[in-house]
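Dear colleague,

Please find the structure below, followed by a short account of what was found in it.

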Amino acid sequence: MTEELDLIGQDSDGGSDEVVLTPSELIERLEQAWMNEKFAPELLESKSEIVECVIEQLDHMEENLRRAKKGDLKVSIHRMEMERIRYVLSSYLRCRLMKIEKFFPHILEKEKTRSDREPSSLSPEEFAFAKEYMANTETYLKNVALKHMPPNLQKVDLLKSVPKPDLDSYVFLRVKERQENILVEPETDEQRDYVIDLEEGSQHLIRYKTIAPLVASGAVQLI
């Protein structure tokens with residue numbers, strides 16, 4: 001596992017930027033995406049490139065193990081590591097699907113209104129799933145309940161009916177890159193806005209929407 005992998009990302013101007021990662025760096029990126037997705041109240045940017053590269057790396061590792069000598073202790077160790085990576089990958093994808101099912105109308109609305117320069121929250125497969133899930137939900141509601149209601153009540157606004165992600169919830173985070181002048185909104189009417197600095201390596205409990213851009217940029221890690 002010493003070869004390098006090419007990962008296509010986006011630079012700050014929205015263009016393509018090729019990043020070369022070692023397998024260990026790739027797995028670290030996956031684990032960071034997994035932790036952020038687990039603890040963020042909203043669906044984060046899709047990391048489909050990382051997912052695809054990890055799947056390719058697992059296939060490559062599996063092929064190497066088939067050629068290894070039977071009874072070699074290293075084989076057992078590598079299989080344990082592969083199972084750990086598969087667990088992280090499946091947990092990451094499962095967490096995203098659960099959020100899509102929970103917030104699907106808001107996620108699709110955000111996808112519809114985002115600009116071309118903004119990264120998508122959905123992979124192509126997730127987008128297709130979200131659209132199908134919404135269509136099936138609407139069909140189910142019509143067949144089971146709405147068609148039995150008076151004509152003026154036979155429509156439902158899913159954007160109003162389905163709760164939004166709670167961006168005011170609090171999250172734990174670790175600072176990876178020092179940040180200055182972070183504006184913190186007051187919790188009560190008696191308080192005022194105030195500004196804080198986040199020192200590298202420090203840990204904080206803070207309202208998610210305050211640091212959401214820092215999560216997206218990778219400056220902080222949710223824990």
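A patch of negative charge on the surface brings together Glu49, Glu52, Glu56, Asp59 and Glu125. Such a patch takes residues with over 30% relative accessible area and no salt bridge, like charges being joined within 9 Å; a salt bridge is a side-chain nitrogen of Lys or Arg within 4 Å of a carboxyl oxygen of Asp or Glu. Helix α2 (residues 48–67) contributes the most to the negative patch, four residues, while Glu125 lies in helix α4 (residues 124–144). Helices are DSSP runs (H or I, at least four residues). Glu125 counts as exposed because its relative accessibility is 58% (exposed is over 50%, buried under 20%, partly exposed in between, with a 1.4 Å probe and protein chains only).

This is a predicted model, in which local features need pLDDT of at least 70 and side-chain atom pairs count only at pLDDT 80 or more, whereas totals for chains, interfaces and linings use all residues. Residues are numbered from 1 along each chain as its sequence is written, and side-chain values use heavy atoms, without hydrogens and water.

Phe104, Phe129 and Tyr133 form one aromatic cluster. Rings of Phe, Tyr and Trp (its six-membered ring) pair if their centres lie within 6.5 Å; planes under 30 degrees apart are stacked, over 60 edge-to-face, and the rest tilted. Three aromatic pairs are counted by this rule. Phe104 and Tyr133 pair edge-to-face, at 5.1 Å centre to centre and 75° between the planes. Phe104 lies in helix α3 (residues 73–113) and Tyr133 in helix α4, so this pair ties together parts 29 residues apart in sequence. Phe129 and Tyr133 form a tilted pair, with 5.9 Å between centres and 35° between planes.

Kind regards

Notes:
Patches are made of residues with over 30% relative accessible area and no salt bridge: like charges are joined within 9 Å, nonpolar side chains (Val, Leu, Ile, Met, Phe, Trp, Tyr) within 5 Å. Accessible areas come from the Shrake-Rupley method with a 1.4 Å probe; for residues, only the protein chains shown count as cover. Lys and Arg count as positive and Asp and Glu as negative; His and the chain ends are not counted. The place of a charge is taken as NZ of Lys, CZ of Arg, CG of Asp or CD of Glu. Helices (H or I, at least four residues) and strands (E, at least two) are DSSP runs, numbered from the N terminus.
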